[in-house]
Amino acid sequence: MQVGLVGLGKMGANMRERIRAAGIEVVGFDRNPDVTDVGSLEELVEKLPAGERIVWVMVPSGDITDGVVNELSGLLTSGDMVIDGGNSYYQDDKPHADLLAGKGIGFLDAGVSGGVWGLKNGYGLMVGGDAALVERAMPVFDALRPEGERADGFVHAGAVGAGHFAKMVHNGIEYGLMQAYAEGYELLAAKDLVTDVHGTMRAWTKGTVVRSWLLELLVKALDEDPGLGEIDDWVEDSGEGRWTVDEAIDLAVPAPVISASLFARFASRQGESPAMKAVAALRQQFGGHAVKPAGTTGPQASTTPAAGAAVPPSA
């Protein structure tokens with residue numbers, strides 16, 4: 001079996017490696033000549049068997065994804081398939097599916113969770129689209145998902161758009177979970193009575209009802225930077241939290257925790273906050289997202305960027 005993979009960034013490159021480890025041939029394309037297997041999308045398509053091509057798109061959402069799908073629609077042929085595995089807005093999926101369907105090309109949307117740890121641990125997958133297309137692409141999904149029961153790391157969530165909608169809600173929940181851990185960290189640090197904040201949070205990682213991978217990552221961040229003194233408390237939001245809150249409003253579903261966690265990220269850009277340092281550290285741990293060095297934002301920061309200062313991530 002062969003698959004094309006467009007976009008070899010932090011997640012895409014690891015996904016290529018994991019798929020290859022499962023014995024599936026991968027032809028990858030990226031604009032970065034240091035990581036790409038081919039020089040163009042056209043060359044990628046030519047290297048895959050016509051009429052049964054599967055091309056996985058793993059690029060930033062919005063205009064970049066639109067451009068790749070549009071270009072592929074002119075290169076692929078009837079019987080081929082495109083899978084959008086980026087963090088696309090779910091309402092973009094049907095227009096992409098309709099464009100491709102007009103040329104006999106299938107389309108699936110795949111929400112992918114796992115960040116930079118997915119190569120080792122596998123990726124949680126939420127897929128939308130036709131069941132026959134899902135079954136055809138299942139060897140690729142099985143290569144990417146965690147080991148064990150398929151249902152524990154993979155779901156065919158529904159029709160086109162369902163995969164990205166599920167991933168959007170997943171990321172909204174992620175916002176709330178990170179904010180709760182971060183606020184707990186700040187409360188512990190604010191009380192002189194607790195002399196080992198790091199050790200307290202480490203003790204929560206086994207046996208307690210609040211144990212989780214995110215908590216383990218926060219402890220890991222504290223291992224690497226006690227007190228989180230090396231990073232700024234500026235926290236970017238990549239879009240999914242806003243989309244989740246918009247949907248909650250449209251559907252009249254109360255989502256106070258997710259909404260508050262999104263607004264807390266906005267507040268992080270106005271002044272120093274230990275809790276938001278913890279959220280920034282968590283995003284860096286699970287997703288490799290950039291952080292700002294301490295002192296580069298907020299009212300006390302210089303107007304001149306520090307040497308090597310990180311740029312807020314767009315995703």
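Predicted model: local features only at pLDDT ≥ 70, side-chain atom pairs only at ≥ 80, totals over all residues.
Residues are numbered from 1 along each chain as its sequence is written, and side-chain values use heavy atoms, without hydrogens and water. Local features need pLDDT of at least 70 and side-chain atom pairs count only at pLDDT 80 or more, whereas totals for chains, interfaces and linings use all residues.

The structure contains 11 salt bridges, each defined as a side-chain nitrogen of Lys or Arg within 4 Å of a carboxyl oxygen of Asp or Glu. One of them pairs Arg150 with Asp142, at an N to O distance of 2.8 Å. Arg150 is partly exposed at 35% relative accessible area. Asp142 is also partly exposed, at 26%. Here, buried means under 20% relative accessible area, exposed over 50%, and partly exposed in between (1.4 Å probe, protein chains only).

A second salt bridge joins Asp223 to Arg202, at 2.7 Å from N to O. Asp223 belongs to helix α10 (residues 213–224) and Arg202 to helix α9 (residues 197–203), so the pair ties together parts 21 residues apart in sequence. Helices (H or I, at least four residues) and strands (E, at least two) are DSSP runs, numbered from the N terminus. Asp223 has a relative accessible area of 39% and is partly exposed. Arg202 is partly exposed at 41%.

Lys220 is partly exposed at 28% relative accessibility, and Glu224 is partly exposed at 48%. Elsewhere, salt bridges with shared partners link Glu236, Asp237, Arg242 and Arg269 into one network.

Helix α10 packs against helix α13 (residues 274–287), with axes that come within 9 Å and cross at roughly 105 degrees. Axes are lines fitted to C-alpha atoms, for helices over the stretch in contact, and angles run from 0 to 180 degrees between N-to-C directions.

On the α10 side, contact (heavy atoms within 4.5 Å) involves Trp213, Leu214, Leu217, Leu218, Lys220, Ala221 and Glu224. Helix α13 contributes Ala278, Ala281, Leu282, Gln285 and Phe286. By class, the contact has 9 nonpolar, 1 polar and 2 charged residues. Ala, Val, Leu, Ile, Met, Phe, Trp, Tyr, Cys and Pro count as nonpolar, Asp, Glu, Lys and Arg as charged, and the others, Gly among them, as polar.
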